[in-house]
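Subject: Structure handover and findings

Hello,

I am passing this structure on to you. Please look through it alongside the notes below.

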Amino acid sequence: MASLEDYFGGNPAGTGMCLMDLSGVAVSAAKAQAAAFGTDVVELGFLRHMILNSLLANRKKFRHDYPELIIACDSKANWRKVKHPFYKAHRSAAKEADSFDWDEYFRLFSIIKEEIRQVFPFKMVEVEGAEGDDIIGVLTSQYKGRNVLIHAKDSDFNQCCRLPNVKIWSPFKQAIIVDTDAEANLFTKICRGETGDGIPNILSVNNSFVDKIRQKALRETKIDEWRANGIPTDELMERFLENQELIDFRYIPKELRQEIVDTYEATKSMDSKQKIFAYLTQKELAKISTTFLSDIEALT
């Protein structure tokens, strides 16, 4: 039977850090809740339960080797949108067409985020202008002397495997992943762009998704040729550099990188099992989670 010691106690042997994008976890939880109940509005208690279950499952599984859990959060502002207005611009139209109540979701997520910040012994890092991806990318490269595990649901962080101390945990595959060809795969990703972020391939104009312009086909053999011999024209190189700035973590602005590091180092985490116990009891989490119930019983 699980206890709070399984999550927070003892003397873990490792000195590593586990990095987790809270925004990605929260959106997945909210969408899963909406789909399960056939509703467009999320409910606070259930959303809280799903987010905490994800965080605590991660904590329990990896805390021995990666005892420091760092939660990265998106800020409202985004440096990429300032420099490249087309970045994620297509998402606004998609959200307007979506019946899901995003305003209510963000309101509830803010409440839960603050509760986690005030109660749990995790460092929560949020920096104006930065995405959670930026925080993870910067901290991964800053602390090369520590082992790093990135909790990631997609391939955005595979580029971090350029560093030998970095591994990725895929919650979908339930497996640890190490991209042994990270640099080459990053080159391919830059050439192909990222549909979810509104980044077209480099053969296409950068406003393709915003203005619904069909992208030009890009064959794998062409990318292999460019990787071997270089980008052949100034026009293609200009598009490559635009995509590179958006995708490659090494191009995060220097000032923002420093602010992320400073914020992380200045952030203090809570360390009180009694406070966690009181919180779980007050929020009635024990009534909807047998895991949390056993945690509370272990304290009595």
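Predicted model: local features only at pLDDT ≥ 70, side-chain atom pairs only at ≥ 80, totals over all residues.

Residues are numbered from 1 along each chain as its sequence is written, and side-chain values use heavy atoms, with hydrogens and water left out.

Overall

The chain has 13 helices and six strands, taken as DSSP runs numbered from the N terminus (helices H or I, at least four residues; strands E, at least two). Of its 300 residues, 48% are buried, where buried means under 20% relative accessible area, exposed over 50% and partly exposed in between, with a 1.4 Å probe and protein chains only. Among contacts (heavy atoms within 4.5 Å) between residues at least 6 apart in sequence, 72% join residues at least 24 apart.

Cores

In soluble globular proteins, nonpolar side chains tend to be buried together. A nonpolar core here is a set of buried Ala, Val, Leu, Ile, Met, Phe, Trp, Tyr and Cys residues joined through side-chain atoms within 4.5 Å. The largest one has 36 residues, and those with the most contacts inside it are Leu 22, Leu 47, Ile 51, Ile 71, Tyr 105, Ile 116 and Phe 120. Two or more residues each come from strands E1 (17-21) and E2 (68-73) and from helices H2, H3, H6 and H12 (273-282). H6 gives the most, seven residues. Leaving out residues up to four places away in sequence, Ile 71 touches Met 20, Leu 22, Leu 55, Ile 116, Phe 122, Lys 123, Met 124 and Val 125. A second, separate core has 28 residues, including Ala 72, Ile 136, Phe 157 and Phe 249.

Pockets and cavity

Both are found on a 1 Å grid over the protein atoms alone: a cavity is a set of points where a 1.4 Å probe fits but cannot get out, a pocket is an open set with protein on both sides within 12 Å along at least five of seven lines, and lining residues have an atom within 4 Å of a point. Grid points are joined across faces, edges and corners, and a volume is the space filled by probe spheres set on the points.

The largest pocket has a volume of about 1,600 Å³. Its lining has 47 residues, with Ser 23, Gly 24, Val 27, Asp 74 and Arg 91 nearest the centre. H6 (102-119) is one of the helices that supply at least two lining residues, and its six are the largest share. By class, the lining has 17 nonpolar, 13 polar and 17 charged residues; Ala, Val, Leu, Ile, Met, Phe, Trp, Tyr, Cys and Pro count as nonpolar, Asp, Glu, Lys and Arg as charged, and the others, Gly among them, as polar.

Asp 133, Asp 156, Asp 197, Leu 246 and Ile 247 are the closest to its centre among 13 lining residues. That lining divides into five nonpolar, one polar and seven charged residues.

A loop residue

Glu 43 lies in the loop between H2 and H3 and is partly exposed, at 43% relative accessible area. Its side chain reaches the backbone nitrogen of Phe 46 at 2.7 Å, and one of its side-chain polar atoms lies 2.9 Å from the backbone nitrogen of Gly 45.

Regards

How values were computed: Polar contact = N/O pair within 3.5 Å; in protein donor to acceptor, adjacent residues only side chain to side chain.
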